[in-house]
Amino acid sequence: MINFTVGPVQSSDEVCRQGAQQVPYFRTAEFSEVMKDNASLMMEFANATKDSKCVFMTCSSTGSMEAVVMNCFDENDKVLVIVGGTFGDRFAKICGIHRIPYTALTLRHGQKLTAKMLEKYDSRGYTGLLVNIDETSTGVLYDSEMLGDFCKKNHMLYVCDCVSAFLADKFDMQSCGADIMITGSQKALACPPGISVIILSPKAIERVENSKVRTMYLNLADALKNAERGQTPFTPAVGILLQINTRLHEIKNAGGVSSEVERVKKLADYFRNSIKGLPLEIISESLPNGVTSLHPIKNNAKEIFRILKDEYHIWVCPNGGDMADSVFRVGHLGNLTIADYDQLISAFKELHQKGIL
């Protein structure tokens with residue numbers, strides 16, 4: 001199988017070799033050094049502000065989304081949530097569950113967010129903003145700098161889910177003023193799922209330390225305290241954390257963040273140029289590098305996903321909800337090559353000749 005989904009994605013041979021090793025005991029000085037190295041490299045790659053901190057959560061990125069909302073906001077806050085698809089809606093649902101007052105700025109599928117849309121929320125007492133920088137369900141990239149300017153002007157805590165954007169699109173915590181960045185092991189980090197990463201600025205750390213959150217497993221103050229010694233409060237996904245270390249050094253040795261972002265962009269550009277002329281509509285008005293969301297003009301998206309999987313041994317990414325039949329996605333993350341895309345494009349052309357696409 002060739003995997004063109006947006007997570008889990010294909011890992012490098014080096015990461016796979018690390019994953020084949022026996023998992024070591026983790027309450028050791030040696031493992032603590034690995035964890036500190038992971039945190040240092042993550043903050044370097046995100047260009048986090050001085051005195052920021054990084055924690056590793058053993059959960060999917062949704063767990064970290066919930067942890068951030070629980071630990072950084074309460075009933076006295078007023079949060080603006082950008083809802084342009086499934087994952088923006090997830091932030092809104094988390095706020096609702098934890099009774100955090102919020103307003104959803106709702107966009108149609110694929111719509112670009114503009115500064116003009118934000119104007120009506122200016123000077124309205126909002127204390128935080130939650131956004132999925134790359135709304136993965138629709139393949140829309142939001143302008144992190146524009147949102148950062150809005151948050152700075154309104155003195156808001158700026159929370160960025162960068163699960164599909166980190167290492168795929170240009171993202172700089174200092175430049176855009178982000179207070180929190182969330183990402184996951186199974187996207188551009190190209191490791192197995194199971195670890196989510198949260199980077200917190202000093203402003204966010206202060207919120208966490210003053211929080212009266214009622215949780216054991218998702219308590220970020222506890223996670224931060226343990227991170228000081230290179231550990232986690234509870235048993236982490238040790239093997240994945242070791243694979244993350246391998247992957248972070250792989251990226252650094254290959255030229256760092258800019259080289260990785262450029263690599264992903266080249267794959268995305270090659271794919272998008274190669275499908276011109278096929279009855280596939282790109283739905284996004286603001287394209288990210290990590291994923292292309294496609295509407296098959298003549299046929300059912302779910303059926304195309306099935307045929308590619310069963311007959312061509314290719315995974316693309318199906319959608320759920322009201323986009324299940326109309327949109328599928330092709331990812332550009334992980335250990336993929338131009339030759340891999342040639343196989344996918346050839347399959348598309350063959351399906352088009354058969355009248356299936």
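This is a predicted model: local features need pLDDT of at least 70, side-chain atom pairs count only at pLDDT 80 or more; totals for chains, interfaces and linings use all residues.
By class, the residues lining the largest pocket comprise five nonpolar, five polar and seven charged.

The largest pocket has a volume of about 400 Å³. Its lining is made up of 17 residues, and those closest to the centre are Met70, Phe73, Asp74, Ser211 and Lys212. Which helices contribute to the lining of the largest pocket with at least two residues each? They are helix H3, spanning 61-72, and helix H8, spanning 202-209. Of the contributors, H3 gives the most, with three residues.

I turn now to the second largest pocket, for which the computed volume is about 270 Å³. Here 19 residues form the lining, and Phe87, Arg90, Thr136, Gln186 and Lys187 are the closest to the centre. By class, this second lining divides into five nonpolar, ten polar and four charged residues.

Where do the residues of this second lining come from?

At the level of domains, the lining of the second largest pocket takes at least three residues from domain 1, residues 13-254, and at least three from domain 2, residues 256-354.

Definitions and conventions:
Residues are numbered from 1 along each chain as its sequence is written. Side-chain values use heavy atoms; hydrogens and water are left out. On a 1 Å grid over the protein atoms alone, a cavity is a set of points where a 1.4 Å probe fits but cannot get out, and a pocket is an open set with protein on both sides within 12 Å along at least five of seven lines; lining residues have an atom within 4 Å of a point. Grid points are joined across faces, edges and corners, and a volume is the space filled by probe spheres set on the points. Helices (H or I, at least four residues) and strands (E, at least two) are DSSP runs, numbered from the N terminus. Ala, Val, Leu, Ile, Met, Phe, Trp, Tyr, Cys and Pro count as nonpolar, Asp, Glu, Lys and Arg as charged, and the others, Gly among them, as polar. Domain bounds come from an automatic or database domain assignment.
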